[in-house]
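Me: Could you take a close look at one part of this model for me, the strands and the loops that link them? I would like one connected answer, with the cut-offs spelled out.

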Amino acid sequence: MYRFLLTPRWWGINVFVLLAIPFCVFMGSWQLSRFEARVADHRSAGEQAAENKQEAARPLAELLPVDKATVGKKVTASGRYGKQLLVPDRALDGKQGYYVLTLLHTDEDKALPVVRGWLPGDADRAEAPAAPTGEVTVTGSLQASEVPGENGVPAQGGLPSGQTGAISAASLVNLVPYDVYDAWVTLDKADSGMKPVPVAAANDTGLDLKAFQNLGYTGEWFVFAGFVVFMWFRLLRREVESVRDAELGLVPDGESGSGERDQGERDQDEPDRAARDQAGESSEGPTQEKANA
């Protein structure tokens with residue numbers, strides 16, 4: 001009954017199933033490992049944030065380039081404040097406002113973006129307090145360059161002069177005529193009555209939408225694997241039922257195999273052949289009698 005499994009059609013089906021199931025299981029396991037890695041990063045980021053509060057500030061050069069291990073570390077830098085920009089559409093404590101960003105020129109002929117604080121309302125250069133003059137030393141938390149469209153960073157363009165949508169070297173290099181560090185600092189104590197901007201976690205370390213997408217993809221791949229197994233058993237059952245129906249002669253017209261059709265045609269030819277043979281015998285009878293006479 002199961003000899004049909006050796007036909008070329010079923011060889012193709014079986015090979016596809018044997019390849020599809022391990023592939024779906026592998027992809028589901030990989031997506032699950034990505035989700036677990038994000039959960040682990042989220043926990044370690046919380047632990048690191050607590051440790052960073054107790055550590056002493058270190059020079060900027062010791063913490064560059066910024067990565068998951070250095071994000072949020074206390075950093076100190078010296079220089080003179082230069083160009084000031086506003087970063088609109090930034091929420092704090094449930095209110096909309098903007099960051100006051102000032103570039104700090106260091107001794108290495110590069111500028112460090114420093115977020116001096118947050119103010120409520122629409123971005124207004126007249127309300128933003130001016131930066132201190134002369135040589136200053138700032139202490140704050142090191143942050144990685146922002147990516148527009150991620151972690152709540154707006155991606156809109158066409159902002160007025162003196163504003164930037166993202167705090168990143170790629171964005172600022174088009175606004176100032178000098179090199180900018182691929183990092184920024186948020187001050188521990190904001191200047192001139194502004195509110196300090198809290199430290200943001202490193203990218204891909206939180207339980208954000210991407211993390212739950214990984215979890216959703218995990219379920220989808222395992223569902224695909226189960227669907228492949230279900231369809232294989234469904235096709236097998238239908239094939240077995242067709243074979244049984246053929247053996248019992250219950251296959252409707254037009255659904256039987258070529259061999260069964262040939263057998264049916266032979267069965268229909270038997271009465272015709274018997275009739276022809278009988279007619280031949282009757283025609284030969286008188287001829288034979290005449291020959292004998």
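**Strands and their loops**

Reply: Happy to! D93 counts as exposed because its relative accessibility is 61%, where exposed means over 50% relative accessible area, buried under 20% and partly exposed in between, with a 1.4 Å probe and protein chains only. This is a predicted model, in which local features need pLDDT of at least 70, side-chain atom pairs count only at pLDDT 80 or more, and totals for chains, interfaces and linings use all residues. Residues are numbered from 1 along each chain as its sequence is written, and side-chain values use heavy atoms, with hydrogens and water left out.

D93 sits in the loop between β2 and β3 (95–105); strands here are DSSP runs of E with at least two residues, and helices are runs of H or I with at least four, numbered from the N terminus. Its phi is near 55°, a positive value in a residue other than glycine.

The loop between β3 and β4 (111–120) holds D109. Phi of D109 is near 60°, again positive in a residue other than glycine, and D109 is exposed, with a relative accessible area of 66%.

A cis peptide bond, with omega about 0°, joins L64 and P65.

Strand β2 itself (residues 74–92) contains D89, which counts as partly exposed because its relative accessibility is 42%.

Of its 293 residues, 32% count as buried.
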